[in-house]
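Please open the model in your viewer and keep the sequence panel beside it. This tour tells you what to select at each stop and what you will find there.

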Amino acid sequence: MNNWKDITAWRKARRAELIARRAALSREQRAPWNERITDLLWRGFPITAGMVIGFCWPFKGEFDARFVIRRWREQGATAALPGVVAKGQPLQFRNWWPGVTMAPGVYDIPVPSGSDVVVPDVALVPLNGFDERGYRLGYGGGYFDRTLAAYDQRMLAIGIGYELARLPTIYPQAHDIPMDFVVTEAAIYACEEGKLAVLDEGQFRLRAANILQARGLPRCGGARASGPGYSSPPCYAGEFPGYWGEDSKPDGSSSAPPRK
């Protein structure tokens with residue numbers, strides 16, 4: 001398939017199909033997959049104090065990153081949520097912590113309001129679909145591709161999705177950027193020599209560490225996360241709806257519309 005219009009139409013159809021398939025899963029079906037992905041991320045990546053981790057508020061059955069984000073914050077990482085600044089521009093990330101003031105952004109996506117703008121060292125990127133070479137099928141706006149391409153020190157990109165979203169190819173175009181890793185309920189895959197490869201825990205930790213070192217990440221080693229210093233999750237999580245992974249906005253209402 002070489003015609004741009006045909007590829008665009010094919011992607012649109014596959015995107016709708018895969019989102020519907022994922023959204024049709026029950027919470028009970030997704031729960032063990034989310035737990036497995038959380039465990040793989042926690043064990044598999046050398047996240048250290050001072051790193052800035054970008055993640056996305058979950059929507060329509062996407063993997064809920066808030067559980068692993070909580071654990072990384074406990075060891076000194078900074079969490080950040082993205083917002084759309086303008087059409088055709090990279091995403092802007094702002095520091096997030098439980099209790100930070102949130103406001104509806106573009107498409108009513110909740111984003112931190114007034115917290116510091118930060119640049120992630122690592123980005124957890126939701127996948128509607130992914131292919132055998134590590135390319136991602138997003139929502140069609142190209143925001144994450146522009147964001148990944150915007151910095152000389154390119155952030156470590158970890159695509160996260162379910163095995164049901166796997167495709168032979170997404171017909172990548174010149175602007176598409178492959179993930180460094182893809183994590184599903186089945187495994188962590190590294191993108192090696194133009195294809196996905198399953199590595200054992202020691203191998204992918206070493207590979208991730210080597211990529212971070214080669215890119216000069218983290219950008220601000222040792223920088224402390226801003227926000228209040230809470231003592232332990234059980235002491236404060238109940239005060240902030242959604243922190244434990246419920247499908248809700250910070251105000252307790254329904255999840256936000258899809259991001260681009």
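**First stop: helix H1**

The buried residues of H1 pack against strand E8 (129-131), E9 and strand E11 (166-167), where a contact means heavy atoms within 4.5 Å. Helices (H or I, at least four residues) and strands (E, at least two) are DSSP runs, numbered from the N terminus. This is a predicted model, in which local features need pLDDT of at least 70 and side-chain atom pairs count only at pLDDT 80 or more, while totals for chains, interfaces and linings use all residues. Residues are numbered from 1 along each chain as its sequence is written, and side-chain values use heavy atoms, with hydrogens and water left out.

Select H1, which has 20 residues and reaches 28 Å from its first C-alpha to its last, close to the 28 Å expected at 1.5 Å a residue; the expected span is 1.5 Å times one less than the number of residues. Now colour Ile7, Trp10, Arg11, Arg15, Leu18, Ile19 and Arg22, which are buried in H1 (buried means under 20% relative accessible area, exposed over 50%, partly exposed in between, with a 1.4 Å probe and protein chains only). They lie on the same side of H1 because they cover an arc of only 155° around the axis, the arc being that of the directions from the helix axis to the C-beta atoms. Turn to the other side of H1, and you will find Lys5 and Lys12 exposed.

**Second stop: the largest pocket**

Which residues lie nearest the centre of the largest pocket? Select Arg11, Arg15, Gly140, Gly141 and His175, which lie nearest the centre among the 20 residues of its lining. Helix H1 (4-23), strand E9 (136-137) and helix H4 (143-149) are the elements that give two or more residues to this lining, and the largest share, 6 residues, comes from H1. The volume of the largest pocket is about 370 Å³. On a 1 Å grid over the protein atoms alone, a pocket is an open set of points with protein on both sides within 12 Å along at least five of seven lines, a cavity is a set of points where a 1.4 Å probe fits but cannot get out, and lining residues have an atom within 4 Å of a point. Grid points are joined across faces, edges and corners, and a volume is the space filled by probe spheres set on the points.

The structure holds 2 cavities of 30 Å³ or more, and the largest cavity has a volume of about 160 Å³. Select Glu62, Phe63, Pro126, Leu127 and Ile160, which are the closest to its centre of the 18 residues that line it.

Select leucine 217 and proline 218, which are joined by a cis peptide bond with omega of about 5°; proline 218 lies in the loop between helix H5 (201-214) and helix H6 (233-236). Next, go to tyrosine 171 in the loop between E11 and strand E12 (181-183), where phi is positive, about 55°, although the residue is not a glycine. Finish at glutamate 193, which lies in the loop between strand E13 (188-192) and strand E14 (195-198), and which has a positive phi near 50°.
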